[in-house]
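Me: Got a model open here and I'd like to talk it through. Can you walk me around it?

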Amino acid sequence: MAAALCSPVALQRSGAAACSSKQASQFMAPALRAAAAFTRAGSSAAVRAAAPSRRVLAQAVAAPAAAPAATATKSAYELQTLTTWLLDLEKKAVIDNELAAVISSIATACKQIGSLVNRAGISNLTGLAGQENVQGEDQKKLDVISNEVFGNCLRSSGRTGVIASEEEDLPVAVEETFSGEYVVVFDPLDGSSNIDAGISVGSIFGIYEPSPECSIEDMDDPEEMMKKCVLNVCQAGNELLCAGYTLYSSATILVLTVGQGVYGFTFDPLIGEFILSHPNIRIPDKGKIYSFNEGNYQLWTEEQKAYIDSLKHPEKWGGKPYSSRYIGSLVGDFHRTLLYGGIYGYPGDSKNTNGKLRLLYECAPMSMIAEQAGGKGSTGFKRVLDIVPEAVHQRVPLFVGSPWEVDYLESVLQGKPAPE
Ligand code: FDP
């Protein structure tokens, strides 16, 4: 598949020639499609050159411990909605109005997807769409619809330059971007194999500033433009300006960070707004729940097996072993881990050395959220946020959760002494 093989690293080093002719032609088709749709009022490079980086802007005012939403409640009827929370951040110059517009458009997409998920069983939205995505996975009807909803909302924000989705083979340049040109990576419906049973699913997203070396100019030829689209999204998680997810469960809960702590908003369907319900979430330092698909146990390395085995010995943990909880829906499993503490893991195994989860729109956003809440995100050997992607749909092993739990897992995998 073109996206997996034509890594941006290869493209950066030697252009499209780094791909086989078949890959190159697969690569060119979407590029030409994107080019046809790609119109822009004027070059934004000059504007971007004059403007301070949004990351710098945020860092300049960042007081890490400052809780942006911690305003005193004046009236029993006063609500902090996502909209007022974003306005607060804008006032404090933590984010600019363009990033706020992108986040708002994502929230709108999540409201729509949440409503579709709730009604899937009675609106004939369950079951397969009859096609596969680029990773060879069967797409559910709701995978396809959610992707369209996400794309529509981001396009209509007018602030997004490039979008990359789990459901698309290559990133797409967004026509009619007025300003901002944010790069948005997302998995519109994660855990969708659960959908027909009415089990929790979620959306995951990350927002990057466009990297200056690969800004998309009006006059780029289609090949050049697609190369830049790919490079735009292939940034390390360290560069994320915002990461978040929405859980569609007994409630619809949007959790996000803009680099100053983690905030959760519960959707109130009666007023149609996300309401701040989880201010400044902190993950417990330790937690006695592990969340792994143990069906893969025989495929794991000896170290990985030893780690899981060790959690089951009551005498090692004060008389009570760890509890196992696994939904098989990353957003649901991660959300529980964030609130209750513990560890979520999807290790590599003898069949899939890098596991199952995708770096750009699963592992990196979740790791940023974990770190912002005081936790950790690791491959077992390396901090996830330090990894520069080599391909849009690249997979990496993921272990994320309470800091002590991730440290302990790393110690076993690396043959080092356990943390204090
Ligand atoms: P799904 O395939 O249902 O979309 O990466 C996708 C994902 O779900 C995650 O949400 C989930 O945690 C994981 O796969 C489950 O994989 P296993 O079935 O292999 O445990």
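**Strands and ligand**

Reply: Starting in the sheet, Gly377 has Val400 in β15 as its bridge partner. This is a predicted model, with local features needing pLDDT of at least 70 and side-chain atom pairs pLDDT 80 or more, while totals for chains, interfaces and linings use all residues. Numbering runs from 1 along each chain as its sequence is written, and side-chain values use heavy atoms, without hydrogens and water.

Me: In which sense do β14 and β15 pair, and over how many bridges?
Reply: Antiparallel, over three bridges, with β15 covering residues 398-401. Two strands pair if DSSP finds at least two bridges between them; strands are DSSP runs (E, at least two residues), numbered from the N terminus.

Me: What's the strand order in the open sheet?
Reply: β12-β11-β13-β15-β14, five strands with mixed pairing. β12 (323-324) and β14 (376-378) are at the edges with a single partner strand each, so one side of each has no neighbour in the sheet.

Me: Switching to the ligand: which polar side-chain atoms are by its oxygen atoms?
Reply: Lys356 has one 2.9 Å from a ligand oxygen, and an N or O atom in the Glu362 side chain is also 2.9 Å from a ligand oxygen. A polar contact here is a pair of N or O atoms within 3.5 Å.

Me: And why does the ligand lie between the domains?
Reply: Because domain 1 (82-278) and domain 2 (289-414) both give residues to its shell. Those bounds come from an automatic or database domain assignment.

Technical notes
A polar contact is a pair of N or O atoms within 3.5 Å; within protein, one must be able to donate a hydrogen and the other to accept it, and residues adjacent in sequence count only if both atoms are side-chain atoms. Helices (H or I, at least four residues) and strands (E, at least two) are DSSP runs, numbered from the N terminus.
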